[in-house]
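This note sets out several points for a reader who is meeting the structure for the first time. Please keep the sequence and the model in view while reading.

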Amino acid sequence: MDHSKVSIIFPVKNEGSNVKNTLTSLFSTDTSIDYEVIIVDDASEDRCCDFLEQSHFKSKVKLIRTEGVGPSVARNIGAENAKFNYLMFCDAHLSFEPYWIDKLLTTLRVDMTDVVCPAIASMDDPKIVGYGQTLNSSLRIQWHKKKPCLFNTAIIPGGCFLIKRDVFFKVGGFETGFKTWGHEDVELSIKLWLFGYRCSCEPAVTIKHLFRKSHPYKVDYDGVYYNLLRMAYLHFNQDRIKKTKELIIHRSPKKIENLVLKDGVEQRRKKYFQSRSFNDEWFFKHFNIHF
């Protein structure tokens with residue numbers, strides 16, 4: 001395995017022209033790093049990847065089609081089919097700047113961190129920029145403001161980040177027990193920290209992200225609350241599990257909890273607790289998250 005190459009993984013669901021635009025930006029952006037591109041088309045209904053058949057991109061892209069497995073499993077499938085030692089997970093609605101891969105990869109090569117994200121700017125208004133994320137008292141995402149150099153971040157935004165391949169698989173990748181969408185990147189980030197890995201933001205790199213007005217997956221309170229409580233059961237102590245249940249206000253917390261428990265979360269929790277380096281108290285104190 002070539003340690004200097006990167007596998008770039010794009011999960012795709014009903015992206016319209018975004019896939020083509022993202023690949024155009026990627027392949028036209030300067031870099032000294034060799035990379036492969038893997039697109040996991042998760043049962044798109046708008047034929048957004050069909051253009052590849054007639055495109056000069058075709059030979060540069062490995063296309064995998066899945067049958068509505070959801071974003072977590074789609075990303076994991078992309079990782080399982082990757083050839084290289086570094087995995088870059090990207091949304092399919094981004095634009096890139098010169099040598100973005102090089103700068104992110106340097107932080108991992110010299111062991112400054114284990115996972116790194118760039119700054120994320122809005123494609124519609126590039127003056128709006130976030131630099132990694134943390135959680136507020138309701139476990140909702142808050143973006144960091146700019147800092148002068150590489151810094152630790154509690155949460156890695158799932159839209160663009162680079163991770164060492166062995167680290168990704170050691171923590172089990174993205175959680176496969178979630179419902180369709182919600183909290184995938186939060187759960188992965190918490191899991192990485194609790195296993196003793198470092199998550200960082202490199203503010204010297206900015207990627208533009210299209211914040212879409214509608215979501216390609218069906219998103220509802222049942223699924224989002226299920227994922228939230230499953231994440232709590234996987235990684236939190238009993239006091240914080242109780243607090244998480246109090247955040248469930250549009251559905252019955254008891255019914256959601258019964259579903260989570262029925263799906264075997266306690267067995268997976270036990271496995272994680274045996275493997276990790278830190279407890280959730282360390283995580284919340286380390287990042288000054290009051291929850």
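1. Overall form. The model is a predicted one. Its chain contains 10 helices and 12 strands. The C-alpha trace spans about 55 × 40 × 40 Å along the principal axes of the chain. For 291 residues, a compact globule would have a radius of gyration near 19 Å, and the chain agrees with this because its own value is 19 Å.

2. Burial and contacts. Of the 291 residues of the chain, 54% count as buried. Among contacts between residues at least 6 apart in sequence, 78% join residues that are at least 24 apart.

3. Cysteines. How many disulfides does a search of the whole structure find? The search finds 0. A disulfide requires two cysteine sulfur atoms within 2.5 Å. Cys 49 is buried, at 2% relative accessibility, but the closest cysteine sulfur, in Cys 48, lies 4.1 Å from its own sulfur and is therefore too far for a bond. Cys 199 is also buried, with a relative accessible area of 0%; its sulfur is 8.7 Å from the closest cysteine sulfur, that of Cys 117, which is likewise too far for a bond.

4. A helix pair. Helix 6 (residues 221–235) packs with helix 9 (residues 265–275) at an angle of about 45 degrees, and their axes are 7 Å apart. Helix 6 is therefore oblique to helix 9. Helix 6 contributes Arg 230, Ala 232, Tyr 233, Leu 234 and His 235 to the contact, while helix 9 contributes Val 265, Arg 268, Arg 269, Tyr 272 and Phe 273. By class, this contact has 6 nonpolar, 1 polar and 3 charged residues.

Definitions and conventions. Residues are numbered from 1 along each chain as its sequence is written. This is a predicted model: local features need pLDDT of at least 70, side-chain atom pairs count only at pLDDT 80 or more; totals for chains, interfaces and linings use all residues. Side-chain values use heavy atoms; hydrogens and water are left out. Buried means under 20% relative accessible area, exposed over 50%, partly exposed in between (1.4 Å probe, protein chains only). Axes are lines fitted to C-alpha atoms, for helices over the stretch in contact, and angles run from 0 to 180 degrees between N-to-C directions. Helices (H or I, at least four residues) and strands (E, at least two) are DSSP runs, numbered from the N terminus. Angles under 35 degrees count as roughly parallel, over 145 as roughly antiparallel, 65 to 115 as roughly perpendicular and the rest as oblique. Contact means heavy atoms within 4.5 Å. Ala, Val, Leu, Ile, Met, Phe, Trp, Tyr, Cys and Pro count as nonpolar, Asp, Glu, Lys and Arg as charged, and the others, Gly among them, as polar. The radius of gyration is taken over C-alpha atoms; the globule rule is 2.2 Å times the number of residues to the power 0.38.
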